[in-house]
Amino acid sequence: MAHQQGATDEQLCYYETDPLTPFRGNFDVDADAILLKESGLSGGFTEKVEAARQKGMRIIAIKRPKDPSRPPLKGEENNGGWRVVNGPYGLRRAVEKLLPEFFPLHSGLTTGTCATAAAVAATIRLLKGEMPGEVPVLLPDGETISVAVGYGDGFAFCIKEAGDDPDVTNGIELRAAPLSSPKKGENLTPVPLGLENIEVYAGEGIGRFTLPGFDFPPGEPAINKGPREMIRRNLEQFSTSNFQFSIILSVPHGEEIARRTFNPRLGIEGGISIIGVSGIVKPFSEEAFIDSIRKCMEVAKASGTERVVINSGFKSEQYLKTLYPDLPAQAFVQYGNYIGETLRIASELSIPNVTLGVMLGKAVKLAQGHLDTHSKKVTMDKDLVRGLLEEAGCPINIDDITLARELWERLPAEKLAGFSKVVITHCYDYCAPLLPEGKLTILLIDDEGYVFSS
């Protein structure tokens, strides 16, 4: 059977027992330790331990866990601490909690999951008078996870946990409270969920859509389709009650926090957006960032602009806005490092004209075909840069430079335009195939904001 699983003879060792010879066998292995389960006599536990002792090996035995369904015996510690999971997210989060160092990056919760957890906790408190420290939340994929919640004066809350995904909303408090009647001047907007006996409203700190391009029209609360469905499915279990009640969702200081997000650019005003497709923030910031890029591109298209200007960040965007003063703010989209993904999204959305603004540090990576220019994945290739300089007719010595932008100071003024054209041409060769039906313009930006074109 071991051979069928791919093991070789060199990887196998065996032991035998005999009434006259307590231990014999091929246990000639060079190892520091043996790992085995507490399998009792039938699994040869005693013989394995004896063989390992003869070799001076460290013995690590995994103890058989107690049956959680069995009540503790007299004098035995309570058999608590069990956490039942029914899917990969719950399993990972349980491991992250019990063994924080096991995964290099930790997962988090979307604002949609947090809002749902707060709503469930507030409903349980209202209907049953109970205040559990964790509540079950059914995720869009059908998995149920336990989410920590807390309680205040008349409300339940969930703290947004972003894990290792960089997010300015990390640590914010999402609240849910029973609503008897709106307070004077309170700005409430209904969130249509189609539930019997339960109404949900968006209150303070939750933004409103003001532009087209989202799942819902302008004027609606900035709660995307996925989170709305998650809230509906989780509250549905309570909607059979004859008791009619309302829940209001809110985010303290949400309007202030939202100013540090993409929301103002997207036309979401008054607070944060409740988003999230899976309910879980995977510990890979690129996924969340690319999702943000896609939403920005969708809003740009919905704005009616004929051109979308993609750029690496605030600095380059400010330079490019002076070249396109008539374009709306939504037409400018930041790609960070994900140039290839952004161009693919532009192609999927059939955006006719795309301007790619890039600074030299990313441009020399792009000119080599690296469509993701993150420094963790690719660094400047000096041999490539030397080739670009030779092609432009200015083979200067670059042995001592560490950053590509130092080239702006090394190059003679009369050679800048020629070198820039060479760099842009190489970038274009890799980027243009990603936008087969659209027109691509590439602009190279120096540190002072001067823009070179081909």
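Visitor: Where do the coordinates come from?
Guide: This is a predicted model; local features need pLDDT of at least 70, side-chain atom pairs count only at pLDDT 80 or more, and totals for chains, interfaces and linings use all residues. Residues are numbered from 1 along each chain as its sequence is written, and side-chain values use heavy atoms, with hydrogens and water left out.

Visitor: How many helices and strands in the protein?
Guide: There are 13 helices and 21 strands.

Visitor: What share of the residues is buried?
Guide: Of 454 residues, 44% count as buried.

Visitor: Pick a strand. How many residues of strand 19 are buried?
Guide: Seven of seven, across residues 353–359.

Visitor: Which residues sit on which side of strand 19?
Guide: N353, T355, G357 and M359 are on one side. V354, L356 and V358 are on the other. Both faces are covered.

Visitor: Why the every-other pattern?
Guide: In a regular strand the side chains alternate between the two faces of the sheet.

Visitor: What does strand 19 pair with?
Guide: Pairing here needs at least two bridges found by DSSP between two strands. Strand 17 (residues 307–311) runs parallel to strand 19, joined by four bridges. There, V309 is opposite T355. Strand 20 (residues 439–445) is also a parallel partner of strand 19, over seven bridges. In that pair, N353 faces K439.

Visitor: And the whole sheet, what's the strand order?
Guide: It goes 18-17-19-20-21, an open sheet of five strands with mixed pairing. Strand 18 (332–334) and strand 21 (451–452) are at the edges with a single partner strand each, so one side of each has no neighbour in the sheet.

Visitor: How does strand 18 join on?
Guide: Strand 18 pairs with strand 17 in the parallel sense, over three bridges. F332 in strand 18 is the bridge partner of V309.

Visitor: Which helices pack there?
Guide: Helix 9 (residues 339–348) packs on the sheet and touches strands 17, 19 and 20. Contact means heavy atoms within 4.5 Å. Its direction makes about 170° with strand 19. Helix 8 (residues 314–321) lies across strands 17, 18, 19 and 20, at about 160° to strand 18. Axes are lines fitted to C-alpha atoms, for helices over the stretch in contact, with angles from 0 to 180 degrees between N-to-C directions.

Notes
Buried means under 20% relative accessible area, exposed over 50%, partly exposed in between (1.4 Å probe, protein chains only). Helices (H or I, at least four residues) and strands (E, at least two) are DSSP runs, numbered from the N terminus.
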